[in-house]
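Please examine the sequence and the structure before turning to the solutions.

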Amino acid sequence: MSPKIAPTINAHGAAIPAVGYGTMLFPEPERAVELILHALKCGYRHIDTARKYGTEQWVGEAIRASGVPRDDIWVTTKVTEENATADDFARSVDTSLETMGLDYVDLLLIHWPQPNVPLEETLGALAKAKRDGRARHIGVSNFTIPLLDEALAKTTEPLVVNQIEYHTYINQDRLIAACRKHGLLITCHAPLARGAMLEDPVILEIAAAHDKTAAQVALRWLIQQPDIGIVPRALEFSEIEENIGIIEFTLSAAEMDRIGELRHRNMRIINPQVRAPVWDDA
Ligand SMILES: NC(=O)c1ccc[n+]([C@@H]2O[C@H](COP(=O)([O-])OP(=O)(O)OC[C@H]3O[C@@H](n4cnc5c(N)ncnc54)[C@H](OP(=O)(O)O)[C@@H]3O)[C@@H](O)[C@H]2O)c1
């Protein structure tokens, strides 16, 4: 199998492979390492993890086992909202690096906003991780437009990414426009809406026309938009291969528009009551 290497999306000196591999809700350790290793063998050069997922150790193990040079792999991890104070944040970053056995991550994100800790304090700790060389780039996740405005006004280092839920069944036009206006890239989490669109007749029809699967069409629709990357999770080798295969075909402008119309469903999948902010209106 010859590895398929995805193109990058770029901002502030960061070059992020547009197709990454998500590692949330993963199986037992041995299988987890096998899956991540398979992704690296297929050509994925971007792995998405988080302290919260409990997968950092397996990411580190798979990277070492792969033989792919560390500098060729983009590793993202995140600090949870439970660790938003400066001291807790720094400890969380140290633990992440130690658990992965890495000297640095390529991208460090604030996983969710924390209304009970001043954003300035968390951003200060995030920027310090970058200045100390523990993170090459920094950003946020699940930040709404007002939160993004506040973060951009207070950060001392460029924010490169907002990782948000985006897929064919949710309209994020306003938030994406706000990110682009400020030079932030977007990484889409839950890019398959955990499978919600895989039986959609429009997607199936377009998939048949290209001899591709519904998942490939839904994912291709995302990365064909400017400044957008994805981190789908897949627990089957065949799905891992399928998902990186989306770099090999193109949707027409009419197909892009047709799929875009499905967003009126506004189906939000990731909405934990304990930590979700008040979301932007579509
Ligand atoms: N920042 C955040 O707050 C946040 C929140 C959620 C997720 N994330 C990140 O985003 C990643 C992806 O999100 P997610 O895991 O929630 O959802 P997702 O990627 O939208 O969906 C994963 C589901 O899609 C299925 N799937 C994957 N590829 C497929 C294919 N080619 N054909 C058919 N089904 C396929 C998987 O099935 P199988 O289980 O059978 O493989 C899995 O059930 C996470 O792993 C995590 O890294 C971040």
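**Exercise 1. A threonine in a loop**

Leaving aside neighbours within four places in sequence, threonine 144 is in contact with Leu175, Pro277, Val278, Trp279 and Asp280. The model under study is a predicted one. Determine where threonine 144 lies, and decide whether threonine 144 is buried or exposed.

Solution. 
- Step 1: Threonine 144 is found in the loop that runs between strand S7 (135–141) and helix H5 (145–154).
- Step 2: The relative accessible area of threonine 144 is 4%. Buried means under 20%, so threonine 144 is buried.

**Exercise 2. Threonine 213 and glutamate 242**

Locate threonine 213 and glutamate 242, then list the contacts of each beyond four places in sequence.

Solution. 
- Step 1: Threonine 213 has its place in the loop between helix H7 (201–210) and helix H8 (214–223), whereas glutamate 242 lies in helix H9.
- Step 2: With a relative accessible area of 29%, threonine 213 is partly exposed. Glutamate 242, at 23%, is partly exposed.
- Step 3: Beyond four places in sequence, threonine 213 is in contact with Ala207 and Glu242. Under that condition, glutamate 242 is in contact with Thr213, Ala215 and Gln216.
- Step 4: Distances in sequence and in space may now be set side by side. Glutamate 242 and lysine 212 are 30 residues apart in sequence and 8.8 Å apart in space, C-alpha to C-alpha. Threonine 213 and lysine 130 are 83 residues apart in sequence and 40 Å apart in space, again C-alpha to C-alpha.

**Exercise 3. The packing of H1 against H9**

Solution. 
- Step 1: The crossing of H1 past H9 is right-handed.
- Step 2: An α-helix has 3.6 residues a turn, so residues three or four places apart point the same way.

**Exercise 4. The packing of H7 against H10**

Carry out the analysis for H7 and helix H10 (residues 253–260).

Solution. 
- Step 1: The axes of H7 and H10 come within 10 Å and cross at roughly 160 degrees. The two helices are therefore roughly antiparallel to each other.
- Step 2: H7 passes H10 in a left-handed crossing.
- Step 3: Val202, Glu205, Ile206 and His210 in H7 meet Glu255, Arg258 and Ile259 in H10. Sorted by class, the contact has three nonpolar, one polar and three charged residues.

**Exercise 5. Buried residues**

Which residues of helix H2 (residues 56–66) are buried, and which residues of the largest nonpolar core touch the most other members?

Solution. 
- Step 1: In H2, the buried residues are Glu56, Trp58, Val59, Gly60, Ala62 and Ile63. Their cover includes H1, strand S4 (46–48), strand S5 (74–79) and helix H3 (86–100).
- Step 2: Just after H2, glycine 67 takes a positive phi of about 80 degrees.
- Step 3: The largest nonpolar core has 92 residues, of which Tyr21, Ile36, Leu108 and Tyr166 touch the most other members.
- Step 4: Beyond four places in sequence, the residues that tyrosine 21 touches include Leu35, Ile36 and Ala39, together with Ile240.

Terms used. Residues are numbered from 1 along each chain as its sequence is written. This is a predicted model: local features need pLDDT of at least 70, side-chain atom pairs count only at pLDDT 80 or more; totals for chains, interfaces and linings use all residues. Side-chain values use heavy atoms; hydrogens and water are left out. A crossing is left-handed if the near helix is turned anticlockwise from the far one by less than a right angle, and right-handed if clockwise. Helices (H or I, at least four residues) and strands (E, at least two) are DSSP runs, numbered from the N terminus. Buried means under 20% relative accessible area, exposed over 50%, partly exposed in between (1.4 Å probe, protein chains only). Contact means heavy atoms within 4.5 Å. A nonpolar core is a set of buried Ala, Val, Leu, Ile, Met, Phe, Trp, Tyr and Cys residues joined through side-chain atoms within 4.5 Å. Axes are lines fitted to C-alpha atoms, for helices over the stretch in contact, and angles run from 0 to 180 degrees between N-to-C directions. Angles under 35 degrees count as roughly parallel, over 145 as roughly antiparallel, 65 to 115 as roughly perpendicular and the rest as oblique. Ala, Val, Leu, Ile, Met, Phe, Trp, Tyr, Cys and Pro count as nonpolar, Asp, Glu, Lys and Arg as charged, and the others, Gly among them, as polar.
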